[in-house]
Every structure is written in structure tokens, then in C-alpha cells.
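This briefing goes through one protein model by topic. Please look over the sequence and the structure before reading on.

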Amino acid sequence: MRISLKTAGTLARYLPAGSSGNLAQLDIEEGATPAQVMDRLGMPGEGSYLVILNDTVVPKAERTERGLCEGDRLAIVPPLKGG
């Protein structure tokens with residue numbers, strides 16, 4: 001199945017080759033979770049990312065449980081730093 005993935009900042013480097021900027025179309029297994037997508041892309045597991053699925057924030061505790069569906073829009077954003 002295919003999902004859309006959007007990242008921001010330094011996380012764009014984890015997107016597959018051929019991605020457009022910070023956007024990618026990913027083919028994943030049926031029922032894969034946000035945590036599995038992050039692991040597959042090599043994103044550090046200890047990161048304090050904001051994970052958004054179809055415009056709804058996915059709490060950290062649910063990232064290993066919530067299954068993705070065909071056409072889902074997943075966004076993974078690093079923590080904001082200010083100064």
C-alpha cells in the first residue's frame with residue numbers, strides 16, 4: 001500500500017532517493033505503524049518528533065500501535081528550537 005510522507009528540517013535526509021524536497025510516496029506493508037515507518041527510514045528512535053497522521057497528532061505511546069491505511073498522510077517533524 002502507498003502513503004504520503006512529509007518531513008521538515010533535518011529529517012528530510014532520511015527520505016528515500018528520488019523524493020521531492022521533504023515529500024515522499026512510500027510503499028509500505030498493510031497495517032504498518034508510524035514507528036515502523038520511522039525505523040525503516042533509519043530515523044533515530046529516541047527523537048522527540050511530532051508525528052501527525054491525517055491532520056491528527058499521534059501521541060508517542062500510540063506510534064507502535066496505530067496502523068496506517070492506503071492513502072494516509074503521515075508527517076514527521078523534529079522539535080522546534082528557538083533562540
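Predicted model: local features only at pLDDT ≥ 70, side-chain atom pairs only at ≥ 80, totals over all residues.

In which loop is Asn54 found? Asn54 sits in the loop between β3 and β4.

- Most residues other than glycine have a negative phi, and most peptide bonds are trans.
- Asn54 has a positive phi of about 50° although it is not a glycine.
- Asp55 is also placed in the loop between β3 and β4, and its phi, near 70°, is a positive value in a residue other than glycine.
- Asn54 counts as partly exposed because its relative accessibility is 29%, a value between the limits of 20% and 50%.
- Asp55 has a relative accessible area of 68%, so it is exposed; the cut-off for exposed is over 50%.

**The sheet**

- The model has an open sheet of 5 strands with mixed pairing, in the order β2-β1-β5-β3-β4.
- At the edges are β2 (23–27) and β4 (56–57), each of which pairs on one side only.
- Strand β1 (residues 2–7) and strand β5 (residues 73–77) run parallel and are joined by 4 bridges.

**The nonpolar core**

- In soluble globular proteins, nonpolar side chains tend to be buried together.
- The largest nonpolar core here has 21 residues, and those touching the most other members are Ile28, Val37, Met43, Leu68, Leu74 and Ile76.
- At least two residues of this core come from each of β1, β2, α1 (34–41), β3 and β5.
- Helix α1 gives the most to this core, with 3 residues.
- Val37 is in contact with Ile3, Leu26, Ile28, Leu68 and Leu74, leaving aside its neighbours within four places in sequence.

**A buried residue: Ile3**

- Ile3 belongs to strand β1.
- Is Ile3 buried or exposed? Ile3 counts as buried because its relative accessibility is 1%, and the cut-off for buried is under 20%.
- Leaving aside neighbours within four places in sequence, the contacts of Ile3 include Ala24, Gln25, Leu26 and Ile28.
- Val37, Leu68, Cys69, Asp72 and Leu74 are also among the residues in contact with Ile3.
- Ile3 and Asp72 are 69 residues apart along the chain, while their C-alpha atoms are separated by 5.1 Å.

**The largest pocket**

- Rolling a probe the size of a water molecule over the atoms shows where empty space is left.
- What is the volume of the largest pocket? The volume is about 160 Å³.
- Its lining includes Ala35, Met38, Asp39, Met43, Pro44 and Gly45.
- Gly47, Tyr49, Lys60, Arg63 and Thr64 also line the largest pocket.
- Sorted by class, the lining has 5 nonpolar, 3 polar and 3 charged residues.
- Met43 lines this pocket and is also one of the residues that touch the most other members of the largest nonpolar core.

Conventions. Residues numbered from 1 in each chain as written. Heavy atoms only, no water. Pairing = 2+ DSSP bridges. 1 Å grid on protein atoms, 1.4 Å probe; cavity = no way out; pocket = protein on both sides within 12 Å on 5 of 7 lines; lining within 4 Å. Points joined across faces, edges and corners; volume = space filled by probe spheres on them. Nonpolar A, V, L, I, M, F, W, Y, C, P; charged D, E, K, R; others polar. Core = buried A, V, L, I, M, F, W, Y, C linked by side-chain atoms within 4.5 Å. Buried < 20%, exposed > 50% of the residue type's maximum accessible area, 1.4 Å probe, protein only. Contact = heavy atoms within 4.5 Å.
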